[in-house]
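Hi there,

Here is the structure I promised to pass on. Have a look first, and my notes follow below.

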Amino acid sequence: MKSEPARPVTDLDSPGAKRRSLHVITSLATGGAERALIRRVALGDRADAVRSMHACDVSALSSRAEALPNCVGDAMAAGVPVVANEVGDAAEILGRTGWMVPREDPVTLVDAMLAAGLPTDRGGRGEAARARIFDHYNLDRVVSAYGALYEASIPN
């Protein structure tokens with residue numbers, strides 16, 4: 001398969017956008033360079049980031065290392081199913097709403113992305129992910145947890 005030159009996706013609803021995404025998945029499955037993936041989907045600073053996230057069928061965290069991957073929570077808040085490598089707190093954030101795969105295993109990552117993209121899985125998991133992120137990580141709950149942590153660390 002001959003690679004197309006990298007170019008940013010500016011219209012996520014265009015017919016070519018899904019074809020370019022499929023090319024990225026195919027490149028990963030056949031051992032294509034990770035650099036091609038980054039060039040194809042890195043959209044840079046965008047004023048319409050929320051619209052861009054809602055245009056996604058699946059979000060993938062393919063990091064080798066993370067602490068608290070904010071991109072997982074962002075996708076979940078948008079109701080987008082997440083496939084994530086087993087790094088950092090990804091599993092705790094996702095709960096049972098997404099797909100966890102071993103890190104540095106691109107074939108399993110692609111298989112999970114393809115499964116996550118099926119309409120039967122995408123809708124239910126996306127809704128469950130959105131509910132989980134707003135239930136477990138809403139601002140009131142996070143502020144309360146930090147308050148309790150600070151109170152516990154102050155000597156009597």
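Helices (H or I, at least four residues) and strands (E, at least two) are DSSP runs, numbered from the N terminus. On that basis, the protein has 8 helices and 3 strands, and along the sequence they follow the pattern α-α-α-β-α-β-α-β-α-α-α.

Please keep in mind that this is a predicted model: local features need pLDDT of at least 70, side-chain atom pairs count only at pLDDT 80 or more, and totals for chains, interfaces and linings use all residues. Residues are numbered from 1 along each chain as its sequence is written, and side-chain values use heavy atoms, with hydrogens and water left out.

Of the 156 residues in the protein, 29% are buried (under 20% relative accessible area, with a 1.4 Å probe and protein chains only). Among contacts (heavy atoms within 4.5 Å) between residues at least 6 apart in sequence, 48% join residues at least 24 apart.

I then turned to Asn85, which is found in strand S2 (residues 82-85). Asn85 counts as buried because its relative accessibility is 3%. Its side chain reaches the backbone oxygen of Ser63 at 3.0 Å, and a polar atom of that side chain lies 3.3 Å from the backbone oxygen of Ser62. Leaving aside residues up to four places away in sequence, Asn85 touches Leu61, Ser62, Ser63, Ala90, Met100, Val101, Pro102, Arg103, Glu104 and Leu109.

Best wishes

Technical notes: Buried < 20%, exposed > 50% of the residue type's maximum accessible area, 1.4 Å probe, protein only. Polar contact = N/O pair within 3.5 Å; in protein donor to acceptor, adjacent residues only side chain to side chain.
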